[in-house]
Amino acid sequence: MRVRILTRASDLARLQGHLVQRRLDAAGVDADLIAREASGDRDTATPLWQLGNKGVFTADLSDALARGDADLVVHSWKDLPIEPRGDTIVAATLPREDPRDVLLIREDAAAKRAPRLSILSSSPRRALMLGGLLPGLLPWPVDAITFAAVRGNVPTRLRQLAGGAADGLVVAKAALDRLLDPASPFAEAADAVREAMRGCRWMVLPLREQPCAAGQGALALEIAVNNTALRDVLKTINHAPTWQAVQREREILAGYGGGCAQAIGVTVLPLPFGTVTSLRGRTDAGETLEQWSLESTGPVLPKAPLAAVWPRPDELHGATRRPLSVPDPSGDRGLYVTRNEALPASWDVQACRIVWAAGSSTWRKLAARGVWVHGSSEGLGTFEPSAVDRLAGRAMTWHRLTHTRADVADAVPTYEADTPLASDLAARTHFFWRSGSEYRLALAAAPSIRDGWHACGPGHTFDVVQRLSGARRVRPYLTYDAWLEDIRE
């Protein structure tokens, strides 16, 4: 079988077509790449939201497919209209790249701590969310944020930023990751992106507060509806978790009318412990949307009276933390900060040092101290061992700043923590653990609690509690409040 793959003409679009070509080649299919402009590429002046919802970057290519000018079109899922066509069908998708947005701020604007920032973005979604989000993430006071429309491919937008068109730019991380891939055949484009980024500071925006366009980071492989032979081949390379996540995102968006002109972001994350959904925005009717939820694969926990839970709300903040005198580790390892107190006040953290926060609260507290934070694990326990390598321009290794009892790799203990336990712990039945070390201490003090009902955040703590409890009666939650609301009588 020989397949003609059609893409848009930009380097990023052709690179995405090249990714599909490689997968087809591995499946024993010969494929040729062809490219052409879409109407949205030819009109670079009109803001995207004014162009309507009818596929300004996809319709021309889909029409060419329907005419028989190509056998397969590679789209970015986020560009496809919600309404399906009758003559073509999306038959497969590849594994999704990181769906998050990246904010780039010009180094000179960051150095002068500009109180008013102008950001390049044509997305109503990004403008709505970032206007309220960004002041808390930046390490200096920001009084006002304005947004200016920007069009063109990623290198073009980066050149506009470098040329002083604005202080910052928002771009999909998946686009940067693909263009900066060392295996990319488009070395000139990669060099241009890397050169532009040298003059910027970057941060990966949190999905909890800045969910992305439905399907962002994923590729849609479209074929003629009657091309059953190619459809059978594409079934063998389809990535089911990505497919299911994107379909759910598009279903949610369709429930509010769909379309890129809406200020709605939705991201569905299939993770080992369940599916996380982030939904934020404002509908055309003025309804405010805000959801951060986990559909867990763990056991359903029974209800309990407040007297039977640990910790109760009044027992949450009893821990005592004492800083240690620890020198700043030398080298270019990144700093993974588990909580605000874990980063010693005596350390002079330069903006070139990659800093990753465990959660949004830690990010904001570090920013208030004047620290540039590059991103957050958002309480999901994801350690990000490689997700920022391409942005950083090197293979990242990390120092994990934590307390003395932490049993994790690459730990740098920067404080001691005393966590008081309830004197009647053995009489409690429902437990929410803030760390694996807290559970180990509690288990040593009251071994019978192993038979209780356990909950915690995802990640390392979840792994520890599962292992020490024999994986019985353990369920992850995104927050303590979500757990308490779920189990309280």
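Against which elements do the buried residues of α11 pack?

## Basis of the model

This is a predicted model, in which local features need pLDDT of at least 70 and side-chain atom pairs count only at pLDDT 80 or more, while totals for chains, interfaces and linings use all residues. Residues are numbered from 1 along each chain as its sequence is written, and side-chain values use heavy atoms, with hydrogens and water left out. Helices (H or I, at least four residues) and strands (E, at least two) are DSSP runs, numbered from the N terminus.

## Helix α11 and its surroundings

The buried residues of α11 pack against α5 (124-137), β9 (200-204), β16, β17 and β18; contact means heavy atoms within 4.5 Å. Buried denotes under 20% relative accessible area, exposed over 50%, and partly exposed the range in between (1.4 Å probe, protein chains only). In α11 the buried residues are S360, T362, W363, L366 and A367. They span an arc of only 160° around the axis, and therefore lie on the same side of α11; the arc is that of the directions from the helix axis to the C-beta atoms.

Axes are lines fitted to C-alpha atoms, for helices over the stretch in contact, and angles run from 0 to 180 degrees between N-to-C directions. S360 has a relative accessible area of 15% and, leaving aside neighbours within four places in sequence, is in contact with E209 and S376. Just after α11, G370 adopts a positive phi of about 95°.

Strands count as paired if DSSP finds at least two bridges between them. β15 pairs with β20 (residues 411-418) in the antiparallel sense over four bridges, and R322 stands opposite E416 in β20.

## Strand β4

Strand β4 (residues 88-92) has four of its five residues buried, so it is largely enclosed by the rest of the structure. Four bridges join β4 to β10 (residues 219-224), and the two run antiparallel. In this pairing I89 stands opposite I223 in β10.

## Packing of α13 and α14

Helix α13 (residues 436-445) packs with helix α14 (residues 460-469) at an angle of about 25°, the axes being 8 Å apart. That makes α13 roughly parallel to α14; angles under 35 degrees count as roughly parallel, over 145 as roughly antiparallel, 65 to 115 as roughly perpendicular and the rest as oblique.

On the α13 side, G436, Y439, R440 and L443 meet T461, V464, V465, L468 and S469 of α14. The residues of this contact divide into five nonpolar, three polar and one charged. Here Ala, Val, Leu, Ile, Met, Phe, Trp, Tyr, Cys and Pro count as nonpolar, Asp, Glu, Lys and Arg as charged, and the others, Gly among them, as polar.

## Backbone features in loops

Most residues other than glycine have a negative phi, and most peptide bonds are trans. A cis peptide bond joins W310 and P311, with omega about -10°; P311 is placed in the loop between β14 (309-310) and β15.

E378, not a glycine, has a positive phi of about 55°. E378 belongs to the loop between β18 and α12 (389-392) and is buried, with a relative accessible area of 9%. D410, in the loop between β19 (398-403) and β20, has a positive phi near 60° and counts as partly exposed at 38% relative accessibility.
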